[in-house]
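Have your viewer open and your selection tool ready.

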Amino acid sequence: SFHAGLTRLSSDWEKSVQEIRMLVQRADAHFSEDRPRYWKQQTHIAERELNEAKDNLAQKRAAARPGDRPPATEASRRVQKMEGRLRDCQLKQKQAKAWSIEISHQCDQLLGPLADVAEHCELLLPAAANELRKMITELEKYAEQGKRAP
């Protein structure tokens, strides 16, 4: 039963190590690829929307006749709002890059010890189980010889 337990332990740990590895890889991909790509895309969208808002404001100001006060208040607010959004997106993009570096570093630090556990699961525990099996076989032979002896 100890041999069976050791074999089961090795298998269970190996599955757990594989699951952890997948989670680490997913987290690394999320922070190293997905988030930076998302904020880069959002920054481009914010730049485009800001340019459109500025164009709209310029059109409203240009359409006014001399002496008329152009009703560009809403267009002006939209430009300010888009400038704020662009700043937020640029900040998030910088933060995403910083997080990407930090998470990648943390994942690398975790994968080292995880490789050691994987080695135990894949090599050392099965080798110990085989050695135990050999000892059990020898003990069984010895016990059988003891029963035959008068």
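A disulfide here is a pair of cysteine sulfur atoms within 2.5 Å. By that rule, the protein has zero disulfides. This is a predicted model, in which local features need pLDDT of at least 70, side-chain atom pairs count only at pLDDT 80 or more, and totals for chains, interfaces and linings use all residues. Residues are numbered from 1 along each chain as its sequence is written, and side-chain values use heavy atoms, with hydrogens and water left out.

Select Cys 107 and Cys 121. The closest cysteine sulfur to that of Cys 107 is in Cys 121, 20 Å away, so the two are too far apart for a bond. Cys 107 is buried at 9% relative accessible area, and Cys 121 is buried too, at 1% (buried means under 20% relative accessible area, exposed over 50%, partly exposed in between, with a 1.4 Å probe and protein chains only).

Next, pick Val 117, which sits in helix H2, residues 73-148. Val 117 is partly exposed, at 35% relative accessibility. Helices (H or I, at least four residues) and strands (E, at least two) are DSSP runs, numbered from the N terminus. The protein has two helices and zero strands.

Now zoom out. Along the principal axes, the C-alpha atoms fill a box of roughly 125 × 20 × 15 Å. How much of the protein is buried? Buried residues account for 20% of the 150 residues.
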